[in-house]
Amino acid sequence: MSEAIDTGREPAKHYDTVVEAWGHLLEEDLHYGYFETGSESLPDATDALTNQMLQLAKPEKGQHVLDVGCGTGKAACRIGAEFGAHVTGISPSQVCVANANNKATSLSLDSLVQFRIGDGTKPDFPDASFDIAWVMESSHLMPDKPALIRECARLLKPGGRIVLCDVMLDHKLPLDEMLSYRDDFLLLKDVFGRARMEPLEFYQEQCEANGLVAETARDISLETQPTFQHWGNNAERNRSTVVEMIGAEACQQFADSCTVLDRFWDLNILGYGIISATKPA
Amino acid sequence: MTIETDVAGIIKAILKHQGLPDSDLELSTHLYGEGIGLDSLCVAELSAMLEKNFGKDPYSAGQLPQTVGHIVDFYEAD
């Protein structure tokens with residue numbers, strides 16, 4: 001028995017509970033950083049990861065972008081502000097959607113960028129609605145990834161492009177290997193909620209199975225690994241604030257999870273990948 | 001409470017927690033795939049909850065039980 005790794009709680013509820021505390025732990029973007037030199041600040045590195053996605057997505061003025069799992073809405077607002085593209089962000093989290101819409105409004109982008117409740121595996125849009133499907137570090141929260149990729153392919157116009165980055169398995173873990181890290185995976189489940197990781201090759205296969213032509217598939221585990229040091233430092237620096245929000249045990253679990261993730265990166269159990277694929281015109 | 005009842009209760013709790021369909025569990029019920037569909041993290045949770053309840057579990061002992069009955073057998077072997 002060997003398979004993808006699936007961890008924990010229902011993602012929307014988990015997000016709603018922890019989002020405020022996570023702002024103090026993961027900082028504004030709530031996603032991994034891309035460290036080219038290793039000496040970047042976390043905010044610069046998280047911007048750099050968004051830049052990696054933007055370089056693949058190549059959004060243009062007037063295009064329509066679907067942001068699947070829109071998080072804070074910062075990436076969507078960047079796409080609207082910097083490229084003049086229309087962005088629709090979806091998330092199953094009401095807190096997330098409300099916060100993201102507030103952000104777009106505060107930046108006077110609400111005519112270009114809107115967020116609504118939605119499920120990336122069952123999106124409520126007609127076929128060929130979007131030029132770009134943007135899936136930034138959200139696919140690990142969707143167990144039915146074949147449905148996610150299938151729906152992204154359906155929603156793309158001919159010539160459209162999917163770009164996706166996420167935590168990934170380095171390889172499918174046999175059950176006995178997985179069980180040897182049992183308590184570590186259960187800790188990650190408690191901290192990060194329900195997550196199901198797959199190898200980079202899985203995403204490539206799913207794109208191809210849905211008629212998408214792979215353009216880029218890169219392992220960027222090395223560039224993302226310094227993220228954990230920053231998260232751990234934030235947990236220490238902001239401990240009293242975070243403890244007030246989510247409790248001492250949860251705060252310590254987060255700090256411990258950073259150590260686990262760093263070790264999983266070192267052991268090539270987990271890593272990070274980025275992929276883009278186009279729908280034939 | 002029998003061992004079988006305790007084991008079934010733990011498995012049902014995991015199914016509920018993971019949003020998997022509830023299932024009538026018998027000793028012959030298969031745990032994975034076409035059975036009740038426990039995936040690797042469900043197995044990790046099962047291992048941890050069995051250990052917490054019984055002080056040991058078959059997975060940590062190097063076994064790979066295929067059915068509910070195999071788990072029960074592990075504890076009845078004592």
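Here is a short walk through the model, with something to select at each stop. This is a predicted model, where local features need pLDDT of at least 70, side-chain atom pairs count only at pLDDT 80 or more, and totals for chains, interfaces and linings use all residues. Residues are numbered from 1 along each chain as its sequence is written, chains are lettered from A and ligands numbered from 1 in the order in which they are written, and side-chain values use heavy atoms, with hydrogens and water left out.

**Stop one: chain B.** Color it by secondary structure and you'll find three helices and zero strands (helices are DSSP runs of H or I, at least four residues; strands are runs of E, at least two). Its C-alpha trace spans about 30 × 20 × 20 Å along the principal axes. Of its 78 residues, 45% count as buried, meaning under 20% relative accessible area with a 1.4 Å probe, protein chains only.

**Stop three: the cysteines.** Over all chains there are zero disulfides (pairs of cysteine sulfur atoms within 2.5 Å). A:Cys70 is buried, with a relative accessible area of 6%. Finish at A:Cys258, also buried, at 4%.

Notes: Buried means under 20% relative accessible area, exposed over 50%, partly exposed in between (1.4 Å probe, protein chains only).
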